[in-house]
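Please keep the sequence and the coordinates side by side while you read.

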Amino acid sequence: MTLTLAVDVGGTKIAVGLVDGDGILTHRDQRPTPAGDADTVWATAADLIRQALGRAGDTVTATGISSAGPVDLAEGTVSPINIAAWQGFPIVERTRRLTGGPVRLGGDGLCMALGEQWRGAGAGAAFLLGMVVSTGIGGGLVLDGAPYDGRTGNAGHVGHVVVEADGVPCTCGGRGCVETVAAGPHLVRWARANGWAGPPGADARQLAEAAASGDPVAIEAYRRGAAGVAMMIAGVAATCDLDRVVIGGGVAKSGALLFDPLRAALRTYAGLSFIRDLQVVPAALGGDAGLVGAAALSRA
């Protein structure tokens with residue numbers, strides 16, 4: 001049996017797995033992303049990689065890496081916004097030194113989309129947008145069955161599609177991005193500004209609990225966020241002729257609170273005949289999507 005080594009790098013955790021030819025994780029381990037300099041962060045990733053290689057023996061034929069971005073495919077480097085020590089970090093070269101085989105890099109949104117298309121809620125979809133709606137909003141595109149990297153490897157950054165012409169400033173440097181409307185911290189911020197009396201330090205999960213209990217401001221916060229996501233989806237679907245959108249992440253775990261108003265708003269925004277039947281579904285793989293998608297990327 002041949003295996004693919006899969007690496008998933010994010011601001012809160014680094015995960016490494018072994019994936020077989022059917023997209024099944026046969027091994028998975030993860031650790032918190034450490035604070036410190038670039039080599040300190042790499043030491044955690046390298047230790048996980050060595051342990052996985054030790055388990056796999058000589059059955060690993062390729063490696064796929066999913067990383068928070070931006071990524072630079074031409075240079076094989078990553079500059080994750082939420083890992084300050086890694087700016088232009090040569091992750092492909094460092095990984096290849098350990099594995100001795102081919103290594104392919106992709107953004108975390110793209111790998112999430114690929115994972116869901118291979119083994120999750122996107123199975124069978126040839127034109128797919130995979131999204132994560134959590135503390136931020138990320139995404140990736142699978143077009144005509146193949147991963148779409150774009151010019152630099154950063155295609156699919158749908159969280160920074162503008163949905164409010166005079167919206168609030170975004171961390172990306174723009175303003176009015178859908179991330180400023182629908183990401184978890186922004187849902188809470190809007191709710192508080194409009195009278196929600198949630199407990200100190202409350203997050204999107206507690207806002208969802210309040211909405212489920214009938215709090216009108218919390219319900220409106222989710223409705224407003226869902227409308228922003230629907231507006232963005234309609235634009236991307238019209239541009240890319242999508243047949244399915246898969247949404248994961250912490251905010252998406254609120255279920256009907258997000259998906260019901262999202263689908264209702266989509267009926268307003270998605271007017272073109274070829275996107276009226278667009279399917280919008282919850283993700284199925286959870287935290288494993290990035291690893292499964294990194295393995296899929298290495299096979300593409």
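Asparagine 154 is partly exposed, with a relative accessible area of 21%, on a scale where buried means under 20% relative accessible area, exposed means over 50% and partly exposed lies in between, computed with a 1.4 Å probe and protein chains only. This is a predicted model, in which local features need a pLDDT of at least 70 and side-chain atom pairs count only at pLDDT 80 or more, whereas totals for chains, interfaces and linings use all residues. Residues are numbered from 1 along each chain as its sequence is written, and side-chain values use heavy atoms, with hydrogens and water left out.

Asparagine 154 sits in the loop between strand 10 and helix 4 (179–182), where helices (H or I, at least four residues) and strands (E, at least two) are DSSP runs numbered from the N terminus. If neighbours within four places in sequence are set aside, asparagine 154 is in contact with Pro70, Val71 and Asp149, contact meaning heavy atoms within 4.5 Å.

Aspartate 149 belongs to the loop between strand 10 and helix 4, and aspartate 149 counts as buried at 14% relative accessibility. Not counting residues up to four places away in sequence, aspartate 149 touches Leu73, Arg104, Leu110, Asn154 and Ala155. Proline 70, for its part, is found in the loop between strand 4 and strand 5 (71–72), and the peptide bond that leads from glycine 69 into proline 70 is cis, with omega near 10°.

Aspartate 144, in the loop between strand 9 (137–143) and strand 10 (146–148), has a positive phi near 55° while being a residue other than glycine. At 61% relative accessibility, aspartate 144 counts as exposed. Aspartate 241 likewise has a positive phi, near 55°, in a residue other than glycine, and aspartate 241 lies in the loop between helix 7 (216–240) and strand 11 (244–248). With 42% relative accessibility, aspartate 241 counts as partly exposed.

Within helix 2 (residues 91–99), the residues Ile91, Val92, Arg94 and Thr95 are buried. They cover an arc of only 165° around the axis, which puts them on the same side of helix 2, the arc being that of the directions from the helix axis to the C-beta atoms. The cover over the buried residues of helix 2 includes strand 1 (3–9), helix 1 (38–56), strand 4 (60–67), strand 6 (77–78) and strand 7 (103–107). Valine 92 is one of the residues in helix 2, and valine 92 is buried with a relative accessible area of 10%. Apart from neighbours within four places in sequence, valine 92 is in contact with Gly76, Val103 and Leu105, while the C-alpha atoms of valine 92 and isoleucine 65, 27 residues apart along the chain, are separated by 8.1 Å. After helix 2 comes glycine 100, whose phi is positive, near 70°.

Another loop position is glycine 250, which is found between strand 11 and helix 8 (256–269) and is partly exposed, with a relative accessible area of 43%. Glycine 250 touches Val133 and Ser134, when residues up to four places away in sequence are not counted.

Finally, consider the chain as a whole. The protein chain has nine helices and twelve strands. Its radius of gyration is 19 Å, close to the 19 Å that the globule rule gives for 300 residues, so the chain is as compact as a globular protein of that length; the radius is taken over C-alpha atoms, and the rule is 2.2 Å times the number of residues to the power 0.38. Buried residues make up 50% of the 300 residues in the protein chain, and residues 24 or more positions apart account for 60% of its contacts with a separation of 6 or more.
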